[in-house]
Amino acid sequence: MTRILIPSGALGLGYDKEALERGIANAPDLIAIDGGSTDSGPSYLGRGVSKYARSSTKAEWKGLIEARERAGCPLVIGTAGTCGADSTVDWLLEITREILAELGLSARIATLYSQQDAEVLVDALETGKITPLPHAPEISAELLRSCTNIVALAGAEQINAALAGGADIVIAGRTTDTAIIAALPLARGDNAGAAWHAAKIGECGALCATNPQSGVIQIDIDQEGFTVTPLADGAFASPHTVSAHMLYENSDPFMLYEPGGHLDVTHTHYAQLDARSVRVTGSVWHPSDDYTVKLEGACVTGFQTIQIATIRDRRYVENVEAWCADILAKHGAKTCDRLGLLPDDFSVELRIMGISSTLGEIESRKVIPTEVGILAIITAPTQERANEIAKLLNPYLLHHPLTQEEEQPTFAFPFSPAEIDRGASYGFCLNHIRHLSDPMEAFRLEFHDA
Amino acid sequence: MPELGQIVQKVRSKNAGPFWLTIDIFCGDSAAFDRVVRGLGTDRVAALFRAETSDVKRFDIPSLNVVKFSLPRPAIQGTPEDRDMHGAGWAPLLAEIEIN
């Protein structure tokens, strides 16, 4: 049996300290926490930075390093620093060294690097070692070279290589959310279907239980199945809360594809074990012949400048869609004329906040609100050009009349200057897998005694 | 006719990675589940989101009283055309669809 303690769904979201203490008292074999996700968009991978504040990351990581010391077991973080690029692994390594020095502790740290060299990937693409997943964008050698960062999602094998090297603390770059939990039970010969299913259930912390914000859960994986136990006061797992978690952020609630195979929970059985815990059996792991890892890449898609104006005049609010369409036509023509551009050289969008800014054309319920916000988004190949195009737009947002005859109107602006440069805008440009002859082929492992 | 959101417990939409969107309808009980299974065709959901019906994956899960739809994101997450980084805004639109 292998006992994994999971403090929360992500480092930076906070965890219940009392519940964590209970978990330490239960003598876990490993403490695992996820450090990242693509859910906040491509900018973090594009820039190779963390979404969460350094101060928050350090405070929570310090608590876990202390917990590890007392529990006497390894501590593993996957997808360090939101995106798991080499830069965020090194960022967390630096934070870890600071914490160990402050606490007067020593530890053997493993860093697992998941970043991919573009030229290696170009070779892999040309030799058929990179293949698309459904609905993947077209890729080329040129696109691979244009990515600012590309990572591969490590699985259990790479985490186990770090643990086998005697690491007390593993700081992993991009991994699958589940790999850090599944690794140790797999290495110890527990049931593979149970290990991967337990990992999927546990990767978001207590989201698989009642009181989902409480964070801390404990999972025991053995030869037949696994048991999930939330540790915070007022948190309970039921067959419903646990089985429903397979739905979460998963396009197929019965299958989960991982490096080296896939998990099938079609015939899984969930049973209430006691008031707090659920026992899960019957999950099946199907190993694949081919070892593949998913790739994630981000590239710059342009530079953006935005502006925000608000409109309170009832007549303008009622006619705001026509007003926006007229502005886009006039401003587009002026931009082409003044800057010598073609319409495809830039893009301008006016999103009407209060009417359709979330859903756009598919919005089905439109009412006339008290006021609307206009969010103008200008995208161009350089920041300077995006800013210039925004400056050409400003007079329209400020004074454009609905008809030629009326007196010049003026609208509200919250900021001066009205133009806000957003910097580079990034896009996820890979939805592909890389075929490996050895799990470590695409990853690097380093050890540091700190 | 009532709206979907009035007869079920919860409708939730989330990203399933940067390229897919997934929508979970938690019906609450088997009566509401049966009503959703009968009254909400995949073609209506596809039309609402302007997707191809063949691209929409559907899962009717009686053990959870859940109906789940997954479809390719209309705009890849984070592109300039994407309005909703976390895919949160799709659930309320579906919750307002009328159901028999």
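**Labels and the values behind them**

Mentor: Helices here are DSSP runs of H or I with at least four residues, and strands are runs of E with at least two, numbered from the N terminus. Keep in mind that this is a predicted model, where local features need pLDDT of at least 70 and side-chain atom pairs count only at pLDDT 80 or more, while totals for chains, interfaces and linings use all residues. Residues are numbered from 1 along each chain as its sequence is written, chains are lettered from A and ligands numbered from 1 in the order in which they are written, and side-chain values use heavy atoms, with hydrogens and water left out.

Trainee: What makes helix 8 of chain A "mostly covered"?

Mentor: Seven of its nine residues, in the run 179-187, are buried. Buried means under 20% relative accessible area, exposed means over 50%, and partly exposed is in between (1.4 Å probe, protein chains only). The buried ones are A179(A), I180(A), I181(A), A182(A), A183(A), L184(A) and P185(A). Among the elements covering them are strand 1, strand 3 (75-82) and helix 9 (192-202) of chain A; covering rests on contact, which means heavy atoms within 4.5 Å.

Trainee: How do you know that the buried residues of helix 1 of chain A line one face?

Mentor: In helix 1 (residues 17-25) the buried set is A19(A), L20(A), G23(A) and I24(A). Looking down the axis of helix 1 of chain A, these buried residues fall within an arc of 145 degrees, so they line one face. That arc is taken over the directions from the helix axis to the C-beta atoms. E18(A) and A25(A) are exposed, on the face turned away from the buried side. Strand 1 (2-6) and helix 3 (54-71) of chain A are among what covers the buried residues. Past the end of helix 1 of chain A comes A27(A), with a positive phi near 55 degrees.

Trainee: Why is D86(A) called buried?

Mentor: The relative accessibility of D86(A) is 17%, and the cut-off is under 20%, so the label applies. D86(A) sits in helix 4 (residues 86-103) of chain A. Beyond neighbours within four places in sequence, D86(A) touches Y113(A), S114(A), Q115(A) and R444(A).

Trainee: And why is R444(A) called partly exposed?

Mentor: R444(A) comes out at 40% relative accessibility, so it counts as partly exposed. What makes its pairing with E446(A) a salt bridge is the N to O distance of 3.0 Å, as the rule asks for a side-chain nitrogen of Lys or Arg within 4 Å of a carboxyl oxygen of Asp or Glu. E446(A), at 32%, is also partly exposed.

Trainee: What about E203(A) and K200(A): buried or exposed?

Mentor: Buried: E203(A) has a relative accessible area of 6%, and K200(A) has 5%. Their side chains meet in a salt bridge at 3.1 Å, N to O.

Trainee: What makes D24(B) and R12(B) a salt bridge?

Mentor: An N to O distance of 2.7 Å between their side chains. The pair links distant parts of the chain: D24(B) is in strand 2 (residues 20-26) of chain B and R12(B) in strand 1 (residues 10-15), twelve residues apart. D24(B) and R12(B) are both buried.

Trainee: How many salt bridges cross the interface of chain A and chain B?

Mentor: The rule finds five. In one of them, R83(B) pairs with E349(A), with the closest N and O atoms 3.2 Å apart. Helix 10 (239-244), strand 15 (291-311), strand 16 (347-353) and strand 18 (420-428) of chain A each give at least two residues to the side that touches chain B.

Trainee: How much area do chain A and chain B bury between them?

Mentor: About 3,200 Å², 58% of it on carbon and sulfur atoms. That is the accessible area (1.4 Å probe) that two parts lose on being put together, summed over both. The contact takes 39 residues from chain A and 37 from chain B.
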